[in-house]
Amino acid sequence: EEWYLHVRGTGPQRDTKTLRPTFENFLPPDVANYDDWNEFFGDAGRLINGLVLSGGRGRLFEVPPAERFAALADVDWQRSLQAQRTKTHR
């Protein structure tokens, strides 16, 4: 990938990536991106567990189905889309 100076494979664990100089200011090495979010929203199980409501009020899919659309406004998107929750491509 053009953003990295080098990527070292570490077996089944995460690869070690070194960004090109000054790129870490704009692209942290483990930032979630389109591919990760695409898989997150395409996997029903991960989506059900991953969309959390603000204020520690549980998950979106714990809200009764008839109330879920209105509850979308209460999803804590910052927490729900964090790299450690959604990151699959490393």
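This is a predicted model: local features need pLDDT of at least 70, side-chain atom pairs count only at pLDDT 80 or more; totals for chains, interfaces and linings use all residues.
## Overall architecture

The protein chain contains five helices and two strands, and, read along the sequence, these elements follow the pattern β-β-α-α-α-α-α. Of the 90 residues in the protein chain, 21% are buried. Among the contacts that join residues at least 6 apart in sequence, 40% are made between residues at least 24 apart.

The accessible surface of the protein chain comes to about 6,300 Å², and carbon and sulfur atoms supply 55% of that area.

## The aromatic pair and the nonpolar patch

A search of the whole structure for aromatic pairs returns one. The partners are Phe-40 and Phe-41, whose ring centres lie 5.3 Å apart with the planes at 80°, so the arrangement is edge-to-face; the cut-off that matters for this assignment is an angle over 60 degrees between the planes. The two partners can also be described by their accessibility: Phe-40 is buried, with a relative accessible area of 1%, whereas Phe-41 is partly exposed at 40%.

Phe-41 lies in helix α1, which spans residues 34–42, and Phe-41 also belongs to a nonpolar patch on the surface. The other residues of this patch are Trp-37, Phe-69, Leu-72 and Trp-77, and together with Phe-41 they present about 530 Å² of accessible area. Phe-41 thus takes part both in the edge-to-face pair with Phe-40 and in the surface patch.

## Ala-71 in helix α3

Ala-71 is located in helix α3, which covers residues 68–71. Its relative accessibility is 8%, and Ala-71 therefore counts as buried, given that the cut-off for this class is under 20%.

When neighbours within four places in sequence are left aside, Ala-71 is in contact with Leu-53, Leu-60 and Val-63.

## Ser-80 in helix α4

Ser-80 is found in helix α4, which comprises residues 77–80. With a relative accessibility of 0%, Ser-80 is classed as buried. A polar atom of the Ser-80 side chain lies 3.4 Å from the backbone oxygen of Gly-50, and this distance falls within the 3.5 Å cut-off that is applied to polar contacts between N or O atoms.

Note on methods:
Residues are numbered from 1 along each chain as its sequence is written. Side-chain values use heavy atoms; hydrogens and water are left out. Helices (H or I, at least four residues) and strands (E, at least two) are DSSP runs, numbered from the N terminus. Buried means under 20% relative accessible area, exposed over 50%, partly exposed in between (1.4 Å probe, protein chains only). Contact means heavy atoms within 4.5 Å. Patches are made of residues with over 30% relative accessible area and no salt bridge: like charges are joined within 9 Å, nonpolar side chains (Val, Leu, Ile, Met, Phe, Trp, Tyr) within 5 Å. Accessible areas come from the Shrake-Rupley method with a 1.4 Å probe; for residues, only the protein chains shown count as cover. A salt bridge is a side-chain nitrogen of Lys or Arg within 4 Å of a carboxyl oxygen of Asp or Glu. A polar contact is a pair of N or O atoms within 3.5 Å; within protein, one must be able to donate a hydrogen and the other to accept it, and residues adjacent in sequence count only if both atoms are side-chain atoms. Rings of Phe, Tyr and Trp (its six-membered ring) pair if their centres lie within 6.5 Å; planes under 30 degrees apart count as stacked, over 60 as edge-to-face and the rest as tilted.
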